[in-house]
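The entries follow the order in which I looked things up.

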Amino acid sequence: MSEYERWEGRYGVPEYLFGTKPNYFLASCKPLLPAAGKALAVADGEGRNGTWLAEQGLDVLSIDFSPAAQQKALALAKKRGVTIAFERADVHAWRYPEAAFDVVAEIFTQFSSPAERSRKWAGMRKTLKPGGLMIIQGYTPKQLQYGTGGPSQIENLYTHAMLEEAFRSFRNMKIVEEELEMHEGTAHGGMSAVINFTAWK
């Protein structure tokens, strides 16, 4: 089964796999967001994070490769009374426009292999405007001990050194690892080992 088929199957159910509330770390970044501007939600799935960014007054583009997920994302945005632009795209192959966004958010997109991650992060760096904010959250290798979400391949998980190297040209970098009880829909539930990243280009 391809990744596309796997995710279409996971998203092709009535309930929201990861819930409809924004990711808690993304929501905690609210004081860092600009008052206005353009935001890119990378692999935004069912739209909980893109919708929240739009609720903060940002002009949001939500990209994902799953039609089933994007149908639910559109419904969620309408329910919340916000407008989001959607583009169906493979986040590893999308042509990231240069210096186009004030905020780029990537929350738990760890289906990427190391080679795919390299391409994705290069695109994310390219498309963020100078002075723009990068927000990333992912699981660390310790998550394999908990098994409460995320991939089973250790090479897909994020480390402090990996993020530091990928975004070494950025400023005011903040990287925090934490272990906490997380409950986001039915897919993320229980003790989790995560890494949180913010930095400005």
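**Entry 1**

I started with the contacts of Lys 72, where contact means heavy atoms within 4.5 Å. Leaving out residues up to four places away in sequence, Lys 72 touches Tyr 11, Val 13, Pro 14, Glu 15, Tyr 16 and Glu 46. This is a predicted model, in which local features need pLDDT of at least 70 and side-chain atom pairs count only at pLDDT 80 or more, while totals for chains, interfaces and linings use all residues. Residues are numbered from 1 along each chain as its sequence is written, and side-chain values use heavy atoms, with hydrogens and water left out.

Is Lys 72 buried or exposed? I found Lys 72 buried, with a relative accessible area of 10%. Buried means under 20% relative accessible area, exposed means over 50%, and partly exposed lies in between, with a 1.4 Å probe and protein chains only.

Lys 72 sits in helix H4. Helices (H or I, at least four residues) and strands (E, at least two) are DSSP runs, numbered from the N terminus. I checked the length of H4 next. Its 14 residues should span 20 Å at 1.5 Å a residue, and the end C-alpha atoms are 20 Å apart, which agrees. The expected span is 1.5 Å times one less than the number of residues.

I then listed the buried residues of H4: Pro 67, Ala 68, Ala 69, Gln 70, Lys 72, Ala 73, Leu 76 and Ala 77. Their cover includes helix H1 (3–11), helix H3 (48–55), E2 and strand E3 (85–88). Just after H4, Gly 81 takes a positive phi of about 75°.

**Entry 2: Ser 66**

I stepped back to the loop between E2 and helix H4 (67–80), where Ser 66 is placed. Ser 66 counts as buried because its relative accessibility is 1%. A polar atom of its side chain lies 3.0 Å from the backbone nitrogen of Ala 69. Not counting residues up to four places away in sequence, Ser 66 touches Trp 7, Glu 8 and Tyr 11.

**Entry 3: helix H5**

Helix H5 (residues 114–127) has 14 residues. I read 20 Å from its first C-alpha to its last, close to the 20 Å expected at 1.5 Å a residue. Its buried residues are Arg 117, Lys 120, Trp 121, Gly 123, Met 124 and Thr 127. They cover an arc of only 155° around the axis, which puts them on the same side of H5. The arc is that of the directions from the helix axis to the C-beta atoms.

What do the buried residues of H5 pack against? I found strand E1 (38–42), strand E4 (101–107), strand E5 (128–139) and helix H7 (160–166).

**Entry 4: the cores**

I looked up the nonpolar cores, meaning sets of buried Ala, Val, Leu, Ile, Met, Phe, Trp, Tyr and Cys residues joined through side-chain atoms within 4.5 Å. The largest has 27 residues, and Leu 40, Trp 121, Met 134, Ile 136 and Phe 167 have the most contacts inside it. E1, strand E2 (59–64), E4, H5, E5, H7 and strand E7 (188–200) each give two or more residues to this core. Apart from it lies another core, of 25 residues, among them Ala 54, Ala 77, Ile 84 and Leu 133.

**Entry 5: strand E7**

I finished on E7, where 11 of its 13 residues are buried. Strands pair if DSSP finds at least two bridges between them. Strand E6 (residues 171–184) and E7 pair in the antiparallel sense over 12 bridges. In E7, Thr 198 is the bridge partner of Lys 174, and Asn 196 is that of Val 176. E6 and E7 form a hairpin with three residues between them, and Gly 185 in the turn has a positive phi of about 65°.

E5 and E7 also pair in the antiparallel sense, over seven bridges. Here Ala 199 in E7 is the bridge partner of Met 134.

Ile 195 lies in strand E7. I found Ile 195 buried, with a relative accessible area of 1%. Its C-alpha is separated by 6.2 Å from that of Thr 140, 55 residues apart along the chain.

Terms used:
A polar contact is a pair of N or O atoms within 3.5 Å; within protein, one must be able to donate a hydrogen and the other to accept it, and residues adjacent in sequence count only if both atoms are side-chain atoms.
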